[in-house]
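Welcome! Please take a moment to turn the structure around on your screen before reading on.

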Amino acid sequence: MRLPHVVDVAGVDAAVVGIPFDTATSFRAGARFGPEGIRSASALLRPYHPVLDVNVVETLSVVDFGDLQVAPGDVEGTYRRIEAGLAPLVDAGVFTLVLGGDPSITLAELRALARRHGQLALVHLDAHTDTWDEYFGQRYFHGTPFKRAVEEGLLEPKASLQAGMRGSLYDKSDLEDARSLGFAVVPSEELRALGPEGYAKAVRERVGDRPVFLSFDIDFLDPAFAPGTGTPEVAGFSTAEAVAFLRALRGLELVGSDVVEVAPPYDGPGQPTALAAANVALDLLALYALSR
C-alpha cells in the first residue's frame, strides 16, 4: 500500500511495525527478512476492502513506523528493545500491526500492550500452540511465548482461543498442556468442521468484551500456499480459508496484532508467502477499521 514512513505518532490511528528478528527459531531461520518481504508484496494492495466494505486509509490514519531495533543472538535484549520501541505507540493508543520476525517477538508485544490495557484475550491462528516450557534449555524461544505470557499475567487464557493446530508433536500431552493453562485449543480438523461463522461464534463467546490481541502465524497456511516459513506443517489451510476465518471476526475490540514467521529465503517464485501475509495484514487493518 506504500504507506508513509512516519515516526511522529500524533494523530495516528494504526501503525505497521517491522521486527526483523529470528534468533529464536529451531528449524529454518530467515524470518528476519519477513518485514521487508511483506512490505514489498504489499505494493499490490489497494485501500478498499470489498468484502468488509471499508476503505482502510479513509477510515484510519495508518502509517509505516519502520523497523524496531533488535539484537541478533540476544532474545531478552531484543525484548527490551521491542518494549521500548512500541511504548510511544501504545501510550498514544495506536493500534499496532507487527510484521515478524519469529513468534518469540509476540511476548514483548504483549508486555507493551498489557501495560496499557491489562490482561488481554488472545485470538491465535497457527499450526502450533507455542506453549512449550523450553527449547534446548531456553525459556524464551519461538515455541514458548504464550506460556511465558500466561505466567507473566499478560493474557487471560480463559478468554483466549487458539485454532489451526496440526502436525506431529513431541508428546500426546502437548495440546493438553496448552489447555491446562486455560486456553481453548481447536485443532485443524475441528476448525474445518466449525467453519468461519462457527469459529467466530466460539471466539466471541470466549473473548467477551476484553481487549484482544490477534496473532497470525503464516504456518497456519499449508506449505503449498506459504512455503516460506520456519516450521511448515502439511494439511494446512488455503489462503481463501484463512481470510474467511479472519473476516468472520468482525466486532472484536482489537488493540494489537501481528503476522509472524514469514521467511522469504524459503518462499517460492512470485513470493506467495509474502503476498499471503500482506493480504492478512490488510484484513487485520480492515477489522480494526470496522471497530472504530
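Here is a short briefing, going from the whole chain to single residues.

You are looking at a predicted model. Its chain has nine helices and ten strands. With a radius of gyration of 17 Å, close to the 19 Å that the globule rule gives for 292 residues, the chain is as compact as a globular protein of that length.

**The chain as a whole**

- The C-alpha trace spans about 50 × 40 × 40 Å along its principal axes.
- Of the 292 residues, 59% count as buried.
- Among contacts with a separation of 6 or more, 78% come from residues 24 or more positions apart.
- The accessible surface is about 11300 Å², and 52% of that surface belongs to carbon and sulfur atoms.
- There are 25 positive and 40 negative side chains, and the centres of these two sets lie 2 Å apart.

**Salt bridges**

- Side chains of opposite charge can pair when their charged atoms come close.
- A search of the whole structure finds 16 salt bridges.
- One of them joins Asp22 and Arg32, at 2.7 Å from N to O. Both residues sit in the loop between strand 1 (14–19) and helix 1 (34–41), ten residues apart. Asp22 is buried, with a relative accessible area of 3%, whereas Arg32 is partly exposed at 34%.
- Glu83 forms a salt bridge with Arg111, with the closest N and O atoms 3.1 Å apart. Glu83 belongs to helix 3 (residues 75–91) and Arg111 to helix 4, so this pair ties together parts that are 28 residues apart in sequence. Glu83 is buried, with a relative accessible area of 12%, and Arg111 is buried at 15%.
- Arg179 and Glu176 meet in a salt bridge of 2.6 Å, N to O. Both lie in helix 6 (residues 174–180), three residues apart, which is about one turn of the helix. Arg179 counts as partly exposed at 28% relative accessibility, and Glu176 is partly exposed at 44%.
- Salt bridges that share partners also join Asp133, Arg139, Lys147, Arg148 and Glu151 into one network.

**A buried charge without a salt bridge**

- Find Glu261 in the loop between strand 10 (254–260) and helix 9 (272–291).
- Glu261 is buried yet has no salt bridge, and the nearest side chain of opposite charge, Arg28, is 8.4 Å away.
- Beyond its neighbours within four places in sequence, Glu261 has contacts that include Ala31, Gly101, His142, Asp217 and Thr231.

**Backbone details to look for**

- The peptide bond from Gly100 to Gly101 is cis, with omega near 10°. Gly101 lies in the loop between strand 5 (95–100) and helix 4 (105–117).
- Asp130 is not a glycine, but its phi is positive, near 55°. Look for Asp130 in the loop between strand 6 (121–125) and helix 5 (145–151). Asp130 counts as buried, because its relative accessibility is 5%.
- Gln271 is not a glycine either, and has a positive phi of about 50°. This residue is in the loop between strand 10 and helix 9. Gln271 counts as partly exposed, at 46% relative accessibility.

**A buried residue in a strand**

- Phe95 is part of strand 5 and is buried, with a relative accessible area of 1%.
- Which residues touch Phe95, leaving aside its neighbours within four places in sequence? Among them are Asp13, Ala14, Leu254, Val255, Leu284 and Tyr288.
- Phe95 and Val54 are 41 residues apart in sequence and 17 Å apart in space, C-alpha to C-alpha.

Methods. Residues numbered from 1 in each chain as written. Predicted model: local features only at pLDDT ≥ 70, side-chain atom pairs only at ≥ 80, totals over all residues. Heavy atoms only, no water. Helix = DSSP H or I, 4+ residues; strand = E, 2+ residues; numbered from the N terminus. Rg over C-alpha atoms; globule rule 2.2 N^0.38 Å. Buried < 20%, exposed > 50% of the residue type's maximum accessible area, 1.4 Å probe, protein only. Contact = heavy atoms within 4.5 Å. Areas by Shrake-Rupley, 256 points an atom, 1.4 Å probe, with all protein chains shown as cover. Lys, Arg positive; Asp, Glu negative; His and termini not counted. Charge placed at Lys NZ, Arg CZ, Asp CG, Glu CD. Salt bridge = Lys/Arg side-chain N within 4 Å of Asp/Glu carboxyl O.
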